[in-house]
Amino acid sequence: MKIPFLDLKSIYLEMQYELDAAYHRVMDSGWYILGQEVGQFEKEFAAYCEVKHCIGVANGLDALHLILRAKGVGAGDEVIVPAHTFIATWLAVSQVGAIPVPVDVDDLTCTINPELVENAISARTRAILPVHLYGHPVHMEAIDSIARKNSLAVIEDAAQAHGARYCGKRTGGLGDAAGFSFYPGKNLGALGDGGAVVTNDDSLAEKIRVLRNYGSSEKYHNDIIGFNSRLDELQAAFLRVKLIKLDEWNSRRRAIAEYYQDNIKNTTGLVLPQVAEHCQSVWHLFVVRHPCRDALQQHLLNAGVQAMIHYPIPPHQQQAYSTYTSKSFPVTERIHRECLSLPIGPAMSMDEVQAVVDACNEFVG
């Protein structure tokens with residue numbers, strides 16, 4: 001049995017009729033940019049996230065970049081980021097001319113460690129950018145408390161956390177604004193690229209609507225220097241179809257994660273992920289850790305299981321951020337040496353899930 005890491009084709013086939021109908025609806029409309037589909041998706045996703053506003057943009061990186069710019073973060077400012085994240089979190093800060101200030105992460109959740117944030121604040125700090133990594137929410141009560149005390153903005157990177165909850169509230173409504181990605185592999189994925197900003201701040205929402213559209217609120221009238229970053233009609237139509245299934249798909253992911261946790265009994269150093277108190281993960285990734293990670297990955301591959309590494313190199317060790325290479329973040333670096341993502345997705349059968357369990361249990365490090 002060959003078990004792919006994520007079976008996108010089967011996800012499409014589950015809703016083929018509805019997705020094909022959405023395609024034809026857009027094609028027949030003759031309107032392909034900032035039309036009815038984008039407008040309706042923005043209303044529907046805002047309601048889903050339990051916030052007032054959603055602004056569709058071209059991708060998740062642009063979502064974070066535009067929030068920072070709309071908040072006035074710029075050259076010489078500092079933004080606190082987790083050391084362990086996909087590099088887009090850092091790139092968004094760099095794109096506005098600001099400086100990413102990394103702090104290490106919590107060993108249990110792999111998300112930013114609030115206990116380390118306050119010591120990283122300086123006179124130039126303007127914002128904290130926590131990442132709900134792997135679908136697990138950050139301990140936002142602590143982050144928000146620190147931000148209020150120091151008059152800082154809180155910008156959620158929710159690219160991997162569509163539908164996750166912290167203390168009962170959806171991610172996306174836990175800070176000043178949040179950036180989402182709709183990359184095809186996300187829990188809510190388009191059939192191409194896409195992203196969105198969500199917020200309860202009326203003024204911020206209006207600024208981002210202008211920034212995403214060449215700095216224009218009225219055609220050919222450009223109020224500010226803006227960008228071309230718009231969610232297109234076709235992807236919005238696909239996302240509207242998929243949004244209807246998102247909670248069901250997240251429930252499937254949770255069921256698979258619980259089965260892994262209950263049935264993977266390997267005692268040779270394999271560490272399974274856990275969910276912190278007051279958090280409801282949507283299990284974008286199921287990331288295990290093992291000191292012999294590469295050997296485990298090869299063992300799974302030999303058994304027909306495609307497991308992937310998220311991520312092999314932390315941002316502070318990337319050539320793009322070579323000025324950070326002398327810094328050390330011990331928890332982050334250990335995670336990057338040991339982490340391996342097992343297959344998890346709404347299209348997995350229980351036979352496939354059991355095969356992953358069996359392969360893990362057969363591994364001898």
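Seven strands build an open sheet with mixed pairing, in the order β1-β9-β8-β5-β4-β2-β3. Its edge strands, β1 (53-57) and β3 (99-103), each pair on one side only. From one strand to the next, the twist averages 25°. Two strands count as paired if DSSP finds at least two bridges between them; strands (E, at least two residues) and helices (H or I, at least four) are DSSP runs numbered from the N terminus.

The model is predicted: local features need pLDDT of at least 70, side-chain atom pairs count only at pLDDT 80 or more, and totals for chains, interfaces and linings use all residues. Residues are numbered from 1 along each chain as its sequence is written, and side-chain values use heavy atoms, with hydrogens and water left out.

A second open sheet has 3 strands in the order β7-β6-β12, with antiparallel pairing. Its edge strands are β7 (169-170) and β12 (279-280), each of which pairs on one side only.

| Strand pair | Sense | Bridges | Facing residues |
|---|---|---|---|
| β6 (residues 165-166) and β7 | antiparallel | 2 bridges | tyrosine 166 and lysine 169 |

Buried residues (under 20% relative accessible area, 1.4 Å probe, protein chains only) in α10 include Leu246, Trp249, Arg253 and Tyr260. The buried residues of α10 fall within an arc of 165° seen down its axis (directions from the axis to the C-beta atoms), so they line one face of the helix.

Definitions and conventions
Buried < 20%, exposed > 50% of the residue type's maximum accessible area, 1.4 Å probe, protein only. Axes fitted to C-alpha atoms, helices over the stretch in contact; angles between N-to-C directions.
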